[in-house]
Amino acid sequence: MTGILQGDPVETRTECPAMSLPMILSHVPLWVWLLLSYLVWQGCVALSDTTVTVRRVALLPLVFVIWGLSGLVAHSGGTATPYLAWLIAAMCLAPVGYRIGPNRMVIDRTRGIVHRKGSPWPLIRNVTLFAAQFAIAIAVAAMPDRRVALDLLHGALSGALAGYFLGWALAFRRRYEAEDGMPA
């Protein structure tokens, strides 16, 4: 074969053939769509002032920490580098989650409930983090020749998720233990 100019050889590429959006979406496991639905639902609920149980408040950080850890294991590529990226990102984002933490909540320990002020931040955060994880997963499927770099990126993102939400959960626990049991 020749290139645009007569006599120029055409490079041989080993890239994956173009994948259509319907083909990509058909291979997404059901649990991913259920997780997205849950995250959007939780984000929409958080737009308004709400009262929820302490257990429910603790569920979202747990979901993100488990997701971050499972992403690390699933996409480590058999090397230690993504684990290191995970650890560094987790250590960097844990203080951010701790600092931001549950600042807009009032905890009533005697009743086991939490009053949350409405905010668009949880919806934006949840959808953005989901989209980033989803985009990396699609990129790994579409560009297997770039898997090492994408696994490193995925490890860092998974660590950032886990670190942020671990810090958030620690801040919530600190606030919960500091409350005197009286609603504000």
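Is the crossing of H3 and H4 left-handed or right-handed? The crossing of H3 and H4 is right-handed, the word used when the near helix is turned clockwise from the far one by less than a right angle. This is a predicted model, in which local features need pLDDT of at least 70, side-chain atom pairs count only at pLDDT 80 or more, and totals for chains, interfaces and linings use all residues. Residues are numbered from 1 along each chain as its sequence is written, and side-chain values use heavy atoms, with hydrogens and water left out.

**The helix pair.** The axes of H3 (residues 54-74) and H4 (residues 81-100) come within 9 Å and cross at roughly 160°. That makes H3 roughly antiparallel to H4 (angles over 145 degrees count as such). Gly68, Leu69, Leu72 and Val73 of H3 meet Pro82, Tyr83 and Trp86 of H4, where contact means heavy atoms within 4.5 Å. By class, this contact has 6 nonpolar, 1 polar and no charged residues.

**The sheet.** Three strands form an open sheet in the order S1-S3-S2, with antiparallel pairing; two strands pair if DSSP finds at least two bridges between them. S1 (50-53) and S2 (105-108) stand at the edges with a single partner strand each, so one side of each is left without a neighbour in the sheet. S1 is joined to S3 (residues 113-116) by 4 bridges, and Thr53 has Ile113 in S3 as its bridge partner.

| Helix | Strands touched | Angle |
|---|---|---|
| H3 | S1, S2 and S3 | about 85° with S1 |

Conventions: Axes are lines fitted to C-alpha atoms, for helices over the stretch in contact, and angles run from 0 to 180 degrees between N-to-C directions. Helices (H or I, at least four residues) and strands (E, at least two) are DSSP runs, numbered from the N terminus. Angles under 35 degrees count as roughly parallel, over 145 as roughly antiparallel, 65 to 115 as roughly perpendicular and the rest as oblique. Ala, Val, Leu, Ile, Met, Phe, Trp, Tyr, Cys and Pro count as nonpolar, Asp, Glu, Lys and Arg as charged, and the others, Gly among them, as polar.
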